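Have it open while you read, and jump between points as you like.

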Amino acid sequence: MRNGRCRECNDRVPEEDPLAAQQPPAQSVTALAGEPVDHRFKALPPDAEGLTVGALAAERRNLFTGGFTTPVLALSAESVEANLALLETYAQRHGLAFAPHGKTSMSPQLFARQLEYGAWGITAAVPHQARVYRAYGIQRIFLANELVDAVALRRLAGELDADPDFVFACYVDSVRGVELMDEALRAAGAVRPVDVVVELGAGLTARTGARTEADCAAVADAVAATSTLRLVGVAGYEGEVPDASPERVREWLRRLVALAADFDAAGRFTALADGEEILVSAGGSAWFDAVADVFAEIPALSRPVLKLLRSGAYVSHDDGHYRHLTPFNRIPEEGALQPAFRLWAQVVSRPTPEQAFVNAGKRDAAYDLDLPEAQVVRSARDGSVRPATGITVTGLSDQHGWVRTEADAELEVGDWIGMGLSHPCTSFDKWQLIPLVQADGTVTDYIRTFF
């Protein structure tokens, strides 16, 4: 990569080449506004049937009085904007490039906003995600996985050969994986080599990644023996460090930095052209402060270094898991993320003074890390909003939420409960179209997701 861009490729694929011809033109994010409002999308006003999403957004309906049905997931417009700005500022302050993990939202609209706020590109985990990104014109993709699917590699080869400005890199962590990639790319007649980074595993019991520096060197040797792959850096995920602590995470990150320096000293990055950057990447949503600190220690190498952070959960943040884990708890002077999700559900049963049931369950709310948190109640009688004092979500069925109420809790059938959620990734994936709502309840847009 040259300053974050692909080097010029002299061997252009002819227009009639089937690999190039199969690639559809990128769609515009603005085209999403032309989708019809219909039964595919939960909670949208029934009387909006037949409108386009853009036309409904232009009506600027109120979430509570505009005909929306419950349950309905809302995304705070102000919080999303604040979070986007904060991570842009943070990355700039620490000299980091930023490729937020798109698997969190799978929303081209949010990708576009992240790029507007300085993101270098978007990270993916699996081929389907990269395909969505390309459908909406994402030009820089970092795939944080080893890609050994022959069909996906054939498609990737076509994308790279058809678009010399398309920048792509992915993990490699095994000699066998390199062999499979090479075999598939040669069978596809790939012209441009695929850029790869060796993944250093975060520990013997961690997820993916070569476990030792010797294993990493063997993978790098295997890459060097191919003509279809090009080694451009090293990477990994510090969130998998066993029994993670600031000290253990920093220790692993220093191993990653040392691996990059050792590879450079051994001449393993000679395939890079003059001015191209060595890519060093890490960074989930729990330890990016450690990444910033250790990446600041990267020594001078033979080429510039692209220090790539990949945190993704920040765009919506949450009221549970990441509220507790966010590095901004450790570095409050750098700012604070704002939880952007609120799930509104209606009380449909109040069988006893200690129990109530709402009409949102596992199909609507994230529950893999924490249960939803009751925060406010909106009265069905007069629309007033009060704190959800004495009200606790204790369980979820498929379509019901179990609510425990203290004896003096004010709650009746018909009231709406606004709940905070934990884990953005499993909140976004339950909703195909999410109202973007201002603090006064005005819906200004609808965020489309592709899971």
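**Notes on the model**

1. Let's start with Ile-417. Leaving out residues up to four places away in sequence, Ile-417 touches Leu-343, Trp-344, Ala-345, Val-347, Val-358, Ala-374, Val-376, Val-377, Ile-391 and Leu-411; contact here means heavy atoms within 4.5 Å. Ile-417 sits in strand β16 and, at 1% relative accessibility, counts as buried. For the record, buried means under 20% relative accessible area, exposed over 50%, and partly exposed in between, using a 1.4 Å probe and protein chains only. Arg-404 is 13 residues from Ile-417 in sequence and 13 Å from Ile-417 in space, C-alpha to C-alpha.

2. A word on what you're looking at. This is a predicted model, where local features need pLDDT of at least 70 and side-chain atom pairs count only at pLDDT 80 or more, while totals for chains, interfaces and linings use all residues. Residues are numbered from 1 along each chain as its sequence is written, and side-chain values use heavy atoms, with hydrogens and water left out.

3. Now the strands around β10. Helices (H or I, at least four residues) and strands (E, at least two) are DSSP runs numbered from the N terminus, and two strands pair if DSSP finds at least two bridges between them. β10 (residues 341-352) pairs in the antiparallel sense with β1 (residues 72-76) over four bridges, and Leu-75 stands opposite Phe-341 there. β10 also pairs with β16 (residues 416-420), again antiparallel and over four bridges, with Gln-346 opposite Trp-416.

4. What does β10 form with β11? The two make a hairpin with two residues between them. β11 covers residues 355-358, and its antiparallel pairing with β10 runs over three bridges. Thr-352 has Gln-355 of β11 as its bridge partner. As background, side chains in a regular strand alternate between the two faces of the sheet.

5. How many disulfides are there? Zero, by the rule used here, which asks for a pair of cysteine sulfur atoms within 2.5 Å. Cys-216 is in no disulfide, and the nearest cysteine sulfur, on Cys-170, is 15 Å away. Cys-216 is buried, with a relative accessible area of 0%. Cys-425 counts as buried too, at 10% relative accessibility.

6. On to the largest pocket, which holds about 480 Å³ of space. It has 28 lining residues, and those closest to its centre are His-101, Lys-103, Arg-207, Tyr-237 and Gly-284. β4 (140-146) and α11 (321-325) each supply at least two residues of the lining. By type, the lining divides into 10 nonpolar, 13 polar and five charged residues. Ala, Val, Leu, Ile, Met, Phe, Trp, Tyr, Cys and Pro count as nonpolar, Asp, Glu, Lys and Arg as charged, and the others, Gly among them, as polar.

7. How were the spaces found? On a 1 Å grid over the protein atoms alone, a cavity is a set of points where a 1.4 Å probe fits but cannot get out; a pocket is an open set with protein on both sides within 12 Å along at least five of seven lines; lining residues have an atom within 4 Å of a point. Grid points are joined across faces, edges and corners, and a volume is the space filled by probe spheres set on the points.

8. The whole structure has two cavities of 30 Å³ or more. The second largest cavity holds about 40 Å³, and its lining includes Ser-285, Phe-288, Tyr-314 and His-317. That lining splits into six nonpolar, three polar and no charged residues.

9. Phe-288 turns up again in helix α10 (residues 288-295), where it is one of the buried residues. Seven of the eight residues of α10 are buried. Those buried residues pack against α3 (77-93), α9 (246-265), β8 (278-282) and β9 (305-309).

10. Last, some backbone spots to check. The peptide bond from Thr-70 to Pro-71 is cis, with omega near 0°, and Pro-71 lies in the loop between α2 (53-58) and β1. Asp-243 is not a glycine, yet has a positive phi of about 50°. Asp-243 is in the loop between β7 (229-235) and α9, and counts as exposed at 65% relative accessibility. His-423 also has a positive phi, near 80°; His-423 is in the loop between β16 and α12 (425-428) and is buried, at 13% relative accessible area.
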